[in-house]
Amino acid sequence: MAHNLLKGKKGIIFGALNDMSIAWKVAERSYEEGAEFLLTNTPVSMRLGNIDDLAKKCNTEVVACDATNNGDLEKLVLLAKEKYGKIDFILHSIGMSPNVRKKLVYDKLNYDYYHKTLDISALSFHKVTAMLKKHDAMNEWGSIVALSYVAAQRTLYGYNDMADAKALLESIARSFGYIYGREKKVRVNTISQSPTLTTAGSGVKGIDGLMDFTERMSPLGNATADECADYCITMFSDLTRKVTMQNLFHDGGFSSMGMSLKAMTQYGKSLDMDIEE
Ligand SMILES: NC(=O)c1ccc[n+]([C@@H]2O[C@H](COP(=O)([O-])OP(=O)(O)OC[C@H]3O[C@@H](n4cnc5c(N)ncnc54)[C@H](O)[C@@H]3O)[C@@H](O)[C@H]2O)c1
């Protein structure tokens, strides 16, 4: 149900690849809530996915932009300013690890790939935010949100160098949140989402087992992509104007759990289980 929470607000949404993407759901919900926004992704992802269908649905356009490339970002921000004047919300929904893709484990990383992981999944958040600030492109009380994962705080088997990227991402939200808040009253936060079956999510080693585990461990169960979109809407809205520099867990309670009855019951059934290194 829509409440016009984003009526009159303008934004940019990074990272919708296909209809499983969290950014796709956020775009659909933002449109329902009355926002206008640009969609953006890399040229390759624009070809591989079907972001044009989303653009049609949301009555908008797609702008090609590699979020690691300052030239692309500058064009995007200037285009958004020309179209909308100042902007009210940004979703950074971007993640990729070449090490994960190539199945290189954490103690045998390729360092060129490691740089790429950090650049795409974390530094791009700094670059986007810095470009917005450089062009004074955000309205006061505007909201910049990036998506994170609990592997920033806790080690999870198989999450690999993406854990380091998420720790950096969350730190950038705090560091930039201070400066942007102080100077322009712009909010910067990360939302730490449950494991979710998307294209990026499917790249995580053992995602099915992981999702079963987090479902059993979370008193409210895993949060879905649609529920994540709802949370993003509240963060873009005026209802959360004093929330900044936070990493906000959206995970059904998982991050505060140690052991649940449901998980213990399952674990007890398989004490002799063989764990792959
Ligand atoms: N799926 C999960 O389990 C989960 C859980 C917590 C957090 N997240 C985070 O949510 C975000 C969105 O991922 P998703 O699960 O919707 O998967 P997804 O694969 O649909 O989205 C990832 C997006 O990143 C984009 N991208 C990659 N390199 C880019 C670049 N250089 N410039 C611009 N865009 C680029 C891809 O094109 C894609 O659209 C990511 O930050 C991911 O780490 C996902």
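The model is predicted: local features need pLDDT of at least 70, side-chain atom pairs count only at pLDDT 80 or more, and totals for chains, interfaces and linings use all residues. Numbering starts from 1 along each chain as its sequence is written.

**Overall build**

- The protein has eleven helices and seven strands, where helices (H or I, at least four residues) and strands (E, at least two) are DSSP runs numbered from the N terminus.
- Its radius of gyration is 19 Å, close to the 19 Å from the globule rule for 277 residues, so the protein is as compact as a globular protein of that length; the radius is taken over C-alpha atoms, and the rule is 2.2 Å times the number of residues to the power 0.38.
- Along the principal axes, the C-alpha atoms of the protein fill a box of roughly 60 × 40 × 40 Å.
- Among contacts between residues at least 6 apart in sequence, 75% join residues at least 24 apart; a contact here has the two C-beta atoms, placed from the backbone, within 7 Å.

**Helix α1**

- Helix α1 spans residues 22-32 and is largely enclosed by the rest of the structure, because eight of its eleven residues are buried.
- Those buried residues are Ile22, Ala23, Trp24, Lys25, Val26, Ala27, Arg29 and Ser30.
- Just after α1 comes Gly34, with a positive phi of about 95°.

**Val204**

- You will find Val204 in the loop between α8 (199-202) and α9 (207-217).
- Val204 counts as buried because it has 24 C-beta neighbours inside 10 Å.
- Beyond its neighbours within four places in sequence, Val204 contacts Gly158, Tyr159, Pro195 and Leu210.
- Gly158 is 46 residues from Val204 in sequence, yet the C-alpha to C-alpha distance is 6.6 Å.

**Around the ligand**

- The ligand has 27 residues around it, of which Ser21, Ser45, Gly95, Ala200 and Gly201 come nearest; a residue is near a molecule if its C-beta atom, placed from the backbone, lies within 6 Å of it.
- Elements giving two or more residues to this shell are α1, β5 (138-148) and α8, and α8 gives the most, with three.
- By class, the shell has twelve nonpolar, 14 polar and one charged residues, with Ala, Val, Leu, Ile, Met, Phe, Trp, Tyr, Cys and Pro counted as nonpolar, Asp, Glu, Lys and Arg as charged, and the others, Gly among them, as polar.

Technical notes
Buried ≥ 20, exposed ≤ 12 C-beta atoms within 10 Å, placed from the backbone.
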